[in-house]
Amino acid sequence: METPSVCIIGAGSSGIVAAKTLHEHGIRFDCFEKGSAVGGNWRYNNDNGMSSAYRSLHINTNRDIMAYSDYPMPRDYPMFPHHSQIIRYFDSYVDHFGIRPFIQFKTSVERVWPADGGYWVQTESGGARQTRWYPHVIVANGHHWHPRYPTPPFPGTFTGETLHSHDYKTPDQIAGRKLLIVGIGNSAVDIACEAARQYNEPVTISTRSGAYILPNWLLGRPFDSLANPLTSRLPLSLQRLLLRASLLLARGRQSAYGVPVPNRPLLSEHPTISQDLLNVSGRGLVRFKPDIRAFSGHEVTFTDGSRDTFDMLIYATGYQVSFPFFDSDFISAGDTNNLQLYHRVIHPDHPGLYFLGLIQPLGAIMPLAELQAQWIARLLTGHCSLPNRAEMLRSIQEQANRNSRRYKPSARHTLQVDFYPYKRLLERAMQTR
Ligand SMILES: NC(=O)C1=CN([C@@H]2O[C@H](COP(=O)(O)OP(=O)(O)OC[C@H]3O[C@@H](n4cnc5c(N)ncnc54)[C@H](OP(=O)(O)O)[C@@H]3O)[C@@H](O)[C@H]2O)C=CC1
């Protein structure tokens with residue numbers, strides 16, 4: 001039998017669509033998954049030990065936007081499904097397309113290194129190690145599992161309890177604690193609202209940059225449906241204006257609810273989406289402080305000179321892009337989460353190496369990972385081709401320049417893409433010969 005030419009690392013939402021797409025194109029592959037089931041981050045308490053999902057997690061992109069193109073989410077699902085429903089969807093996707101038998105579960109990829117124009121892949125399963133060679137490797141190991149902490153750490157020592165949002169699962173972990181949460185991304189805000197509602201005690205958020213809080217729903221529609229192929233073609237300044245107007249109309253200024261307003265334009269950060277935060281802040285149950293200056297025991301001093309004591313600190317400070325199976329001098333995203341990839345997929349210096357789902361869209365990752373997989377499949381079957389290295393590097397630089405004009409320099413924003421423009425980019429790439 002023909003040996004597999006592709007190794008897929010991971011069977012999360014990106015790995016499964018890669019497997020399904022290669023299968024459809026008749027490309028033989030091995031897909032290795034560390035845990036015993038598909039779904040990656042979306043599987044609460046995944047036994048691969050990598051999921052950051054908490055018990056109450058609902059996705060904040062709407063059901064129709066996040067579905068794969070040929071497999072809609074069930075119509076009886078709510079607009080913003082719970083993680084258990086998303087996992088049911090992924091399970092039924094792999095069964096519907098018959099790809100479960102192609103996934104090797106409980107098999108962890110330990111090391112990948114380049115050799116002979118391809119890659120050796122060493123796996124471990126039940127204590128047994130195997131090493132196989134593949135001309136192509138698709139990396140789909142996710143980028144929301146390796147906790148990132150402030151570097152350098154805040155001065156001093158906090159002697160209360162600390163937790164990273166990655167390890168937050170249920171509110172009993174924080175019961176009875178006076179809580180300080182660092183960060184104002186989606187993890188921070190979900191946890192703050194859950195804590196405030198559950199215990200009816202004020203929670204403090206420390207944020208150095210602030211965030212515009214966008215609602216799940218706007219004018220009776222899922223907020224993210226406002227971005228569509230048409231509006232995505234408008235100049236950014238006009239998109240900002242429309243969004244500002246809709247937010248003002250729908251709920252006024254967020255400062256009216258006690259939520260600080262960032263001093264930069266809308267759409268220049270990864271969106272923090274919450275229907276609850278303004279309300280619980282307006283009730284005094286979530287308070288805001290600027291960045292932390294120093295710790296001393298249970299006391300925290302903030303950059304405005306104010307101080308307070310806390311029992312517990314939750315670092316909701318995001319995630320490190322990590323590839324534990326690569327030697328760091330071969331490939332690493334470094335402390336800055338920066339990996340230079342052509343169209344966010346192709347490593348210009350390592351032919352045959354592809355990265356899937358290594359994006360942070362204003363929108364959902366799944367349908368974009370699907371397009372990335374289709375692009376890879378077309379490249380592998382010779383239906384399209386890549387430009388030369390110089391052209392790839394030029395395009396990567398252009399992309400980086402565009403990002404740095406729009407977002408503040410931060411490890412948080414290196415993977416940012418706009419849903420529809422990025423979709424169009426991939427569709428064009430698939431036609432390039
Ligand atoms: N319901 C859902 O669908 C959910 C989705 N998610 C997604 O998961 C991903 C990760 O989200 P999240 O965990 O919130 O992480 P993010 O990276 O999005 O946010 C990290 C937050 O921590 C702050 N921060 C980082 N480093 C420091 C530092 N050194 N000092 C002070 N503040 C710091 C950032 O501020 P700054 O901007 O200044 O760097 C930012 O406010 C996102 O894509 C998010 O959308 C997460 C939770 C729920």
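Student: Which residues point one way from strand 11, and which the other way?

Tutor: Please keep in mind that this is a predicted model. In strand 11 (residues 179-182), Leu 179 and Ile 181 point one way, while Leu 180 and Val 182 point the other way. All of these residues are buried.

Student: To which strands is strand 11 joined, and by how many bridges?

Tutor: For this one looks at the bridges on either strand. Strand 11 and strand 21 (residues 312-315) run parallel and are joined by four bridges. Strand 11 is also parallel to strand 12 (residues 203-206), with three bridges between them. Ile 181 takes part in both pairings: its bridge partner in strand 21 is Ile 314, and in strand 12 it stands opposite Ile 205.

Student: How many bridges link strand 10 with strand 21?

Tutor: These two strands pair in the parallel sense over four bridges. Within this pairing, Leu 163 has Ile 314 of strand 21 as its bridge partner. Ile 314 is also the bridge partner of Ile 181.

Student: Which members of the largest nonpolar core touch the most other members?

Tutor: That core has 102 residues, and those touching the most other members are Ile 8, Val 137, Ile 138, Ile 181, Ala 192, Ile 314 and Leu 356. Among the elements, helix 7 (residues 366-380) gives the most to this core, with eight residues. Domain 1 and domain 2 both give residues to the core, so it lies between them.

Student: What are the bounds of the two domains, and how far apart are their centres?

Tutor: The domain assignment gives domain 1 as 6-146 + 319-430 and domain 2 as 149-315. Taken over C-alpha atoms, their centres are separated by 28 Å. At the contact between them, 24 residues of domain 1 meet 19 residues of domain 2. On the side of domain 1 that touches domain 2, the elements giving two or more residues are strand 24 (360-362), strand 25 (416-418) and helix 9 (419-431). Helix 9 gives the most to that side, with three residues.

Student: Is Val 112 buried or exposed?

Tutor: One counts neighbours, and 20 or more other C-beta atoms within 10 Å make a residue buried. Val 112 is buried, because 23 other C-beta atoms lie within 10 Å. This residue is found in strand 4 (residues 108-115). Beyond its neighbours within four places in sequence, Val 112 is in contact with Tyr 119, Val 121, Val 137, Phe 325 and Phe 326. Val 112 and Pro 324 are 212 residues apart in sequence, and their C-alpha atoms are 9.3 Å apart in space.

Student: What is the value of phi at Leu 219 and at Asn 337?

Tutor: Phi of Leu 219 is near 50°, a positive value in a residue other than glycine. Leu 219 lies in the loop between strand 14 (217-218) and strand 15 (221-222), and counts as exposed because it has 10 C-beta neighbours inside 10 Å. Phi of Asn 337 is near 60°, also positive in a residue other than glycine. Asn 337 is in the loop between strand 22 (319-320) and strand 23 (353-355), and counts as buried, with 21 C-beta neighbours inside 10 Å.

Student: Is the peptide bond from Thr 151 to Pro 152 cis or trans?

Tutor: The angle omega decides the matter. This bond is cis, with omega near -5°. Pro 152 is found in the loop between strand 8 (146-147) and strand 9 (156-158).

Definitions and conventions:
Residues are numbered from 1 along each chain as its sequence is written. This is a predicted model: local features need pLDDT of at least 70, side-chain atom pairs count only at pLDDT 80 or more; totals for chains, interfaces and linings use all residues. A residue is buried if 20 or more other C-beta atoms lie within 10 Å of its own, exposed if 12 or fewer, and partly exposed in between; C-beta atoms are placed from the backbone. Two strands pair if DSSP finds at least two bridges between them. A nonpolar core is a set of buried Ala, Val, Leu, Ile, Met, Phe, Trp, Tyr and Cys residues joined through C-beta atoms within 7 Å. Domain bounds come from an automatic or database domain assignment. Two residues are in contact if their C-beta atoms, placed from the backbone, lie within 7 Å.
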